[in-house]
Amino acid sequence: MGNWLETSYMARKGVARGKAGKTHELTVEKQGKYHYVYGPYAKPVLSIEPGDIVVAETQDAFEGAIKSEKDKPSELLHMPFLNPQCGPISVKGAEKGDVLCVHIHSIKPRGPQPVGTTALIPEFGGLVATNNTALLNPPLPERVKKMEVTEAGIKFNSKITLPYEPFIGTLGVSPEIEAVSSLQPDYWGGNMDLPDVCPGAVVYFPVHHKDAYLYLGDCHGTQGDGELCGVAVEIPSTTTVQVDLIKNWKIAWPRLENEKFIMAIGSTRPMEDAARIAYRELIHWMVDDYGFDQYEAYFLLTQAGKVRLGNMVDPKYTLGASILKSYIG
């Protein structure tokens, strides 16, 4: 582990203290049926111990249905069956009131090129009419764009190569009783589409169900803030994560930690309320674990806090509020 990981919450408080355990391969064949729902009712495909590593073969957001730029998404996709998820993965010892730690080791593109897909889908996106924002405007024309994606870069077109900046678009744990679409983000995590959920980060989720039931999928090669048209550079991947467990750490919403900052994540509508959730949870974190007075934390975040927009296209919007570790000690 790098130096910063040795001081992370996972390493200091986790059952495995951040030390790697057994490695499990979760291939397409072992996964079998991918899931489009987060919930406690599916049978786990894998049972692991805190500290174990999972190497998962994820599908793209369309489970490979869009194969060429001539395809029409409306003819091939069956809403709401988008964002197929690996899992659920049961984590031994996890109970309600605990926190599941997910350290993202790597995300590698998988499959024949071009593996990257983005698209314009009717009534889906940030600048079009949707079910939530009903307008009389006609939908935009359907369009598919395919891109070659390697760890060296993403060939957007003949002139533009984008950096490969992968992250997990949809990651989280089971709610206690609800069964919810993998298109939804909320307190369990889910479809946050937050670019900071990337290799090197540790993401913390409040556990609501025995054994946690971890789900992951919907990996992206890169994405701008907001996932504006609704579809990032969607890729099938081989994603490696290390999972740990913190007992009796009560948090209400997902949190994230990396070398430079801590972040609290909120998801809801309207967007400003998602920002309020994220900033409030970050203040609670600063008060509980960093010794801040609540109002002093409020002052500091007003001057030095940062907000990252995950998505502005899903049923709920996701924002992450962060503060540099250098400011809080």
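Which side chain does the side chain of Ser237 join through a polar contact of 2.6 Å? I looked it up, and the partner is Thr58. I take a polar contact as a pair of N or O atoms within 3.5 Å; within protein, one must be able to donate a hydrogen and the other to accept it, and residues adjacent in sequence count only if both atoms are side-chain atoms.

I note that this is a predicted model, where local features need pLDDT of at least 70, side-chain atom pairs count only at pLDDT 80 or more, and totals for chains, interfaces and linings use all residues. Residues are numbered from 1 along each chain as its sequence is written, and side-chain values use heavy atoms, with hydrogens and water left out.

**Strand S17**

I stayed with Ser237. A polar contact of 2.7 Å also links its side chain to that of Thr239. Ser237 lies in strand S17 (strands are DSSP runs of E, at least two residues, numbered from the N terminus). Ser237 is buried because its relative accessible area is 0% (buried means under 20%, with a 1.4 Å probe and protein chains only). Leaving out residues up to four places away in sequence, I found that Ser237 touches residues including Ile107, Lys108, Pro109 and Cys219 (contact means heavy atoms within 4.5 Å).

I then moved to Val243. Strand S17 (residues 237-246) holds Val243 too. Val243 counts as buried, because its relative accessibility is 0%. Its contacts, again without residues up to four places away in sequence, include Ile48, Val91, Leu100 and Leu214. I checked Gly217 as well: Val243 is 26 residues from Gly217 in sequence and 15 Å away, C-alpha to C-alpha.

**Strand S11**

Next I opened S11 (residues 167-173). Of its 7 residues, 7 are buried. S11 runs antiparallel to strand S16 (residues 214-220), with 6 bridges between them (two strands pair if DSSP finds at least two bridges). Phe167 faces His220 of S16. S11 also runs antiparallel to S14 (residues 189-190), through 2 bridges. There, Leu171 has Gly190 as its bridge partner.

**Linings of two pockets**

I turned to the largest pocket. Its lining divides into 7 nonpolar, 6 polar and 3 charged residues. For the second largest pocket I noted 5 nonpolar, 4 polar and 4 charged. Here Ala, Val, Leu, Ile, Met, Phe, Trp, Tyr, Cys and Pro count as nonpolar, Asp, Glu, Lys and Arg as charged, and the others, Gly among them, as polar.

Key
Helix = DSSP H or I, 4+ residues; strand = E, 2+ residues; numbered from the N terminus. Buried < 20%, exposed > 50% of the residue type's maximum accessible area, 1.4 Å probe, protein only.
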